[in-house]
Amino acid sequence: MDKQSFDVVIIGAGPGGYVTAIRAAQLGLKTAVVEANHLGGICLNWGCIPTKALLRSAEIYHYMTHADAYGLSAGKPGYDLEKIVARSRGVAKQLNGGVGHLLKKNKVPVFDGWGKLAGGTPGARKVTVEKDGEAFAELTAKHVILATGARARQLPGLEVDGDTVWSYREAMVPKAMPKSLIVVGSGAIGIEFASFYRTFGAEVTVVEVLDRVLPVEDAEISKMAEKAFKKQGMNIITGATVKGLKKGANSVTASVEKGGKVTEITAEKLISAVGIVGNVENIGLEGTKIKVDRTHVEINEWCETGEPGIYAIGDLAGPPWLAHKAEHEGVICVEKIAGVKDVHPLDTGRIPGCTYCHPQVASVGMTEQAAKDKGHDVKVGRFNFIGNGKAIALGEPEGLIKTVFDSKTGELLGAHMIGAEVTELIQGYSVGMTLETTEAELMHTVFPHPTLSEMLHESVLDAFGRVIHM
């Protein structure tokens, strides 16, 4: 059996794991990664990246079907689903190879197998690596970081069968475009798939148990999103639950209960997008002091578990379940291990979230209601896309930039957006919040013209009664 010693061993090479490994190597720590499936994890191979490739194809198809609005004509638009899927898989493959190159460049060995805690003592933790049920390596490490990620939650009665009931995985590689589709769950994953399939003509019904779509977003943004989705032809049912499924040869019928009334909805396919659960099984947690709460490992502000020398990051450690959160969390973890000065705990309230549907949605910080619930006296700024020259020139006049400030201190508490390219705009406010920028500094910042970013400025101006172009 291969036996080696390291300063840091990371189990899992998703965004959190591989970024953590690279940063650890940069800090001079002898580091190894153990990965059972694909470098880049779910995000790069079956999540964030390939879905964006699919949605890019949908976006271009949308513009093709609206070419006349731009004075263009290109005959009757069409698409080749097999090529759309192949492009998406190709993008994932390219980036998967890129991760391997980066790890090699930073001299981080990758053990291709299933990593599992196997005892040891603080300062000399053991990790076994198995392949096809046989252990082939035993690694000893001063520090072990668990980055095993999460998987799709499956509710009783909504189990994925890969045929008529899909998870995100099947939804990413359809062999044919379904004529009709039910999406259960209207978080980012569900809505992105709903947007993709609706753009290509599928009849889409979205079922959400809470009272609005995209329920983690600001209520005003959620309302605008639902209006846009309905305008596109989506059937949106909120405050409803799927009580059961009946599967036919080429269809599935969902019994949807809303307000005590049950309605049956039939479609060719159903996508279950009802959240995720942490991958806590079979990684050696048994017999340790590591605590698990609802499939997520409990950690402190430095990602430490209850077992000295063992840490957890990313989706395994709980919400928000975002790749960029995992990456930043891992960097904080290894910098603390290495004794880097001025390391700060992660403030999850300043992590931006993005949904790449049409129209796009993005946010950072507190919603207006959350800010009020925490006792803030707020000032709220709003700027509609229709007041922005670049938005009109792009043919994207529908959207909103909303900002929430503390009226006494001028602190930016939150920002919420819907419209074209807002997923690229939100970082402006994220930087501002990290720098603890006040409204005065934002108002004194010069934004280039003509750009969509000018709306960030105008929204701040509006919060304090100084808006120019509205």
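The largest nonpolar core of this predicted model comprises 36 residues. A nonpolar core here is a set of buried Ala, Val, Leu, Ile, Met, Phe, Trp, Tyr and Cys residues joined through side-chain atoms within 4.5 Å, where buried means under 20% relative accessible area (1.4 Å probe, protein chains only). Local features need pLDDT of at least 70 and side-chain atom pairs count only at pLDDT 80 or more, while totals for chains, interfaces and linings use all residues. Residues are numbered from 1 along each chain as its sequence is written, and side-chain values use heavy atoms, without hydrogens or water.

**Nonpolar cores**
- The residues with the most contacts inside the largest core are Phe 196, Tyr 197, Val 204, Val 206, Phe 229 and Ile 271.
- At least two residues of this core come from each of several elements, including α3 (48-65), α4 (81-105), β9 (180-184) and α6 (188-199); helices (H or I, at least four residues) and strands (E, at least two) are DSSP runs numbered from the N terminus.
- The most is given by α6, with five residues.
- Another core, of 25 residues, lies apart from this one and has Phe 385, Ile 401, Met 417 and Leu 425 among its members.

**Parallel sheet**
- Five strands form an open sheet with parallel pairing, in the order β8-β15-β9-β10-β11; two strands pair if DSSP finds at least two bridges between them.
- Because β8 (165-166) and β11 (235-238) stand at the edges with a single partner strand each, one side of each has no neighbour in the sheet.
- Two bridges join β8 to β15 (residues 269-272), and Trp 166 stands opposite Ile 271 in β15.

**Contacts of Ile 271**
- Not counting residues up to four places away in sequence, Ile 271 touches (heavy atoms within 4.5 Å) Trp 166, Ala 171, Leu 181, Ile 182, Val 183, Val 184, Phe 193 and Tyr 197.

Conventions
Buried means under 20% relative accessible area, exposed over 50%, partly exposed in between (1.4 Å probe, protein chains only).
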